[in-house]
Amino acid sequence: MIRMAITRINVGPIHPSTHGVARLVVDVDGDTIVNVEPHVGFLHRGVEKLTETRMYMQAPPYMEKLDYFAPMAYNDAYVAAVEAAMDIQPSEKAKYVRTILLELQRLASHLVSIGTLCNDLGQMFTGFMWAFKDRDIILDLLQEATGSRMFYVNMRLGGLHSELPADFEEHAITTMNYIEKRIGEYESYIEKNTVFMERMKGVGVLSSEDAKALGVTGPVLRASGINYDVRKNSPYYAYSKLYFNPKVMLQGDNFSRYKVRMMEMRESARLVKAAIKAMPDGAATGMPVKLRSPNAVNKVSVVSREVPRGECMMYLVADPQKPYRLSIRSPSMVNLAAISHIAKGARFADLFSIFGTLDVVLGCVDR
Amino acid sequence: MLAQDLINNIVNIQFWLSSPSLLYNIIGIVLYIIIVFILFSVFGYLIGWLERKLIARAQYRHGPTYVGMWGLLQNMADLIKLLSKQDIVPEKADRVLFAISLPALLALSIFIILIIPYSPNLQATNLGLGMLIVFVIIAFTPLLLFTAGFSSGNKFAAISAQRSVLVLLGYELPMLISVAAVALIGGGYSLQAIVSAQSGYYYLLLMPIGFVVFFIALLAEFERPPFDLREADSELIAGWLTDVSAPYYALALYLDYARMFLGSIIVSILFLGGWLGPSYLPPLVWLVAKAIAVSVLVILIRATAFRMRVDRVLRFGWLWLVPLSLINLVMTYIIFVK
């Protein structure tokens with residue numbers, strides 16, 4: 001066999017398929033990948049350090065910019081950490097409303113993931129535009145609920161910025177029915193495509209042992225056959241009261257990762273409807289934002305949340321009035337690190353579908 | 001006299017060329033060049049617009065709307081923008097090869113354009129081996145793309161160059177075998193003869209398998225999705241065009257559309273009866289209409305297809321296209337010739 005010299009290719013930071021500013025240094029032997037080395041830090045803003053210089057409720061806008069496809073999820077994780085430090089419990093209604101909004105956020109985020117995956121597989125933006133159109137409908141809902149489409153900053157200590165509008169529930173249920181129908185359309189449109197299936201099945205396999213060892217979380221972990229979902233394993237908000245099952249696939253390949261997201265989208269739509277039906281009466285509004293919040297009573301609080309990309313953990317060492325130190329475990333960062341393991345031995349063209357199914361957001365990787 | 005002839009025989013190039021007068025011959029050549037130029041610049045341009053519009057519609061978008069009616073002039077605006085930009089030649093590039101590869105691709109396309117007949121009387125010369133020459137010239141294209149890829153000194157372009165050769169292995173053979181079937185029942189390699197032989201039934205009806213194989217191979221030849229591995233924008237940035245800038249990139253864009261139109265014309269001639277059609281429209285109009293229909297099909301495929309991987313293209317070519325084209329050839333021989 002003729003061995004070509006190993007070529008080092010620099011993919012990114014300016015490349016159409018790196019979803020931002022990731023830089024992958026790829027060594028290829030012909031068309032086979034020998035080594036992938038992700039380089040991160042192009043989007044580093046020092047979010048963790050910035051929070052140390054701010055009062056507690058001045059930090060949420062920074063948290064939202066961590067993951068610009070699921071801002072509310074990170075905001076929620078931070079606010080939950082602060083609540084834990086202050087021993088504040090959100091009201092029962094607020095728990096349900098947060099659950100609904102977070103699931104909507106998960107839907108919006110997964111839609112982006114599916115859309116960009118289509119693009120990475122060389123489709124001319126069709127799946128991308130379809131997914132973004134449906135995401136837009138969900139953003140409409142979120143706009144109704146929070147007043148903003150992209151960065152919501154709607155989490156308050158003990159609740160939310162405002163109550164849900166009167167017709168939100170009805171609107172949300174019709175939208176979820178529509179989205180469920182659309183997910184079926186996506187599946188028939190994408191999964192009946194032989195080229196798609198050929199490029200997804202059996203490509204980029206991550207075994208369950210490796211998934212555990214690498215510490216990946218979220219859909220990537222569940223696609224490798226490990227039933228771990230923070231919403232189920234240590235339930236928060238209304239998840240303990242709502243019936244739902246984490247979606248698990250066993251193969252650990254590209255297709256499983258895609259399919260887990262598809263199934264999670266159905267589950268999210270169902271969860272939103274169930275949460276709306278089971279929502280108790282009461283007030284969801286939390287404390288208004290003031291510079292002086294209640295004093296933190298716990299020195300350390302650790303909060304773990306299932307954000308769309310995996311498990312986000314906020315480790316907060318609290319001073320009475322501002323964070324002493326905040327450390328964020330970003331699921332994107334850990335999932336991105338797994339690419340050097342998964343992509344080894346894959347073909348160069350598959351690097352991008354693997355990257356797409358890992359679904360990292362660089363804002364969250366670089367923090 | 002001359003004015004009368006001009007009015008009567010404006011697209012009848014054979015009339016001008018067969019005339020004993022040198023003046024008439026020269027007029028014929030000039031007319032031919034003008035007609036073909038208009039054909040390919042106008043329809044190449046329109047196909048570019050159609051592609052943007054159709055793909056936009058498939059994606060819940062409007063496509064270009066602002067410049068000109070229905071955005072018809074958007075591509076012109078893009079062209080002007082590209083022409084007014086700086087032409088950058090990379091430091092590592094082989095300057096000569098880098099500069100000539102795209103114009104050479106244009107030249108190859110012009111070769112084919114000049115050989116193809118557009119109606120019974122609109123052809124530069126009726127070559128007996130016309131079809132063979134067309135496919136010989138087409139086979140040169142990957143070679144050019146190969147040199148173009150390596151000349152720019154970019155690694156993505158180099159990968160693209162390797163891919164163009166690999167893809168060539170996958171599709172060139174089935175394409176030629178299905179063309180051989182056409183020659184078998186068309187009675188030779190003359191494109192005129194092939195079209196007139198289809199006056200009974202179009203070859204699309206006589207050998208549908210051959211048509212499908214040829215169409216797929218032509219998609220690969222003209223870099224249309226799902227075989228756009230050379231230009232693979234989500235993998236190789238722009239493949240062999242990564243370092244191509246400004247006027248050259250405008251040329252590349254134009255060639256993309258013009259070659260798609262050219263390929264559609266070749267498909268129309270070989271399988272869809274070329275300019276044959278009810279006589280209330282002139283032959284040239286029928287040919288262009290069929291070519292546009294084929295182009296629309298190509299565009300719609302682009303709107304939905306995922307890109308194939310190189311090894312899969314080879315696999316697909318050798319496992320499906322080659323056997324299918326051979327079956328088509330044998331069946332054609334048994335049914336229509338023997």
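Q: Which residues have the most contacts inside the largest nonpolar core?
A: This is a predicted model, in which local features need pLDDT of at least 70, side-chain atom pairs count only at pLDDT 80 or more, and totals for chains, interfaces and linings use all residues. Residues are numbered from 1 along each chain as its sequence is written, while chains are lettered from A and ligands numbered from 1 in the order in which they are written. A nonpolar core is a set of buried Ala, Val, Leu, Ile, Met, Phe, Trp, Tyr and Cys residues joined through C-beta atoms within 7 Å, buried meaning that 20 or more other C-beta atoms, placed from the backbone, lie within 10 Å of the residue's own. The largest such core has 203 residues, and those with the most contacts inside it are A:Ala77, A:Ala81, A:Leu351, B:Phe214 and B:Phe261.

Q: Which helix of chain B gives the most to this core?
A: Helices are DSSP runs of H or I with at least four residues, and strands are runs of E with at least two, numbered from the N terminus. With 16 residues, the element of chain B that gives the most to the core is helix 12 (residues 246-271).

Q: How many residues of chain B are in contact with chain A?
A: Two residues are in contact if their C-beta atoms, placed from the backbone, lie within 7 Å. On the chain A side 25 residues take part, and on the chain B side the number is 24.

Q: What share of the residues of chain A count as buried?
A: The secondary structure of chain A comes to 15 helices and eight strands. Of its 367 residues, the share that count as buried is 53%.

How values were computed
Buried ≥ 20, exposed ≤ 12 C-beta atoms within 10 Å, placed from the backbone.
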